[in-house]
Amino acid sequence: MFEFSITSRCPDTEARTGILLTPHGPLHTPAFMPVGTQATVKTLSPHELVEMGAECILANTYHLHLRPGSGIIGRLGGLHRFMGWDRAILTDSGGFQVFSLAHLRHIDDEGVRFRSHLDGSEQFFSPERVMRIQEELGADIIMAFDECAPYPCDMDYARKAMERTHQWAERCKEAHSRKDQALFGIVQGAVYPDLRQESAHFMAELGFDGYGIGGLSVGEPKTVMYHVLEETVRALPSDKPRYLMGVGSPEDLFEGIARGIDMFDCVLPTRVARNGALFTRRGRLNIRNARYADDPHPIEEGCTCYTCRHFSRAYLRHLIKADEVLGLRLATIHNLHFLLALVGEIRESIAAGTFSSLRSTFIEQYTPVDEAVRAANRAARAMAFVEGGVRRRSSSRGEAEGT
């Protein structure tokens, strides 16, 4: 039911193309998977995602467990029927979300006890529980439960988190029963290459259907991420898909693919779209800038997305500044189209033997976001998440008390 085949390779990098067959159709790799955290890619309909070439989307176990509940989704026919999506779906294990709730959770070898960021209710995730939830959701590809170590952390902490991830991977494999779902193990080890290689070898020995690389792009410099990634990939089986989790900026797609990565996901294109940041081949464009107030041009000349074919920068700026929902939709359409088209172009270049040239040209022209700005944005999002959870829990208590 699941089969991964490599169709072409780049002669001077580790880049490759392939096809991963799933019960809901093929996934051509390298692939970018839009994130539909709560069974929806924000502001977009399934047919719009199909039109822009998405073959697989990601949904979040943690969030769907809290609402509406995996049991409800399972009784209604699973995620595909629930959300009207007939192509492949991947669900993550919820590990990253749980471990980001440092102030609301307690971890031991059995699992993680945590409080919902929505209403403060006590919850428990064990490897067995996470497998059961994902089997009820019914995605094509599911992920083993893992402990994501923070950055920075010392080697002692990273090793303990890695060893717990290994124990949980064994339990996930034992608990997984649905043969129509592929189970991926997750490599951990923070930014320590020796630990990453040890983890990769361990996961390979367990014999998963594919391998996720977690715990990167969590605050470390990009040069560190690329080095750790390179050391990790070389220890993974070459005949199984490799998935770099939570990574999706254009420059990281090129660098990940050059190191042998097949699959990516990230909330980045949808999240920054809501703030008026738009991808172009020269870097991000901030449509809120006053210079675009009367600009008649599309976001990017030559872009074939619906937004660029029909609307000007001036109109999009007006919508975003006025907090109109259409502005969020049009910005999201452009950003996702940009990344999906980019990985499509990359696949073609690998098959044609021109990947290295495309990579050099793109990186030379593209200006990435400054590291310091990334760090500040990451801290602001973490604070907003905490404050939002406090407000929601306070509201829930008020409703329960009749206030």
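**View 1. Strands β15 and β16 form an antiparallel pair.** In this predicted model, β15 (residues 277-280) and β16 (residues 283-286) are paired over 4 bridges; strands are DSSP runs of E of at least two residues, helices are runs of H or I of at least four, and both are numbered from the N terminus. Two strands count as paired if DSSP finds at least two bridges between them. A hairpin of 2 residues joins β15 to β16, and Phe279 stands opposite Arg284 in β16. In a regular strand, side chains alternate between the two faces of the sheet. Ala277 and Phe279 point one way from β15, whereas Leu278 and Thr280 point the other way, and all are buried (under 20% relative accessible area, with exposed over 50% and partly exposed in between, for a 1.4 Å probe and protein chains only).

Residues are numbered from 1 along each chain as its sequence is written. Local features need pLDDT of at least 70 and side-chain atom pairs count only at pLDDT 80 or more, while totals for chains, interfaces and linings use all residues; side-chain values use heavy atoms, with hydrogens and water left out.

**View 2. Ser312 lies in the loop between α12 and α13 (313-321).** Ser312 counts as buried because its relative accessibility is 19%. A polar atom of the Ser312 side chain lies 3.0 Å from the backbone nitrogen of Tyr315. Leaving aside residues up to four places away in sequence, Ser312 touches Asp295, Pro296 and His297 (contact means heavy atoms within 4.5 Å).

**View 3. The second largest pocket holds about 250 Å³ of space.** On a 1 Å grid over the protein atoms alone, a pocket is an open set of points with protein on both sides within 12 Å along at least five of seven lines, a cavity is a set where a 1.4 Å probe fits but cannot get out, and lining residues have an atom within 4 Å of a point. Grid points are joined across faces, edges and corners, and a volume is the space filled by probe spheres set on the points. Of the 14 lining residues, Glu48, Glu51, Met52, Tyr306 and Ile333 lie nearest the centre of this pocket. The elements giving two or more residues to the lining are α1 (46-51), α12 (306-310) and α14 (325-352). The largest share, 7 residues, comes from α14.

View 4. The structure holds 1 cavity of 30 Å³ or more. The lining of the largest cavity consists of Ala149, Pro150, Tyr151, Ala190, Val191, Gly215, Val218 and Glu220.

Definitions and conventions
A polar contact is a pair of N or O atoms within 3.5 Å; within protein, one must be able to donate a hydrogen and the other to accept it, and residues adjacent in sequence count only if both atoms are side-chain atoms.
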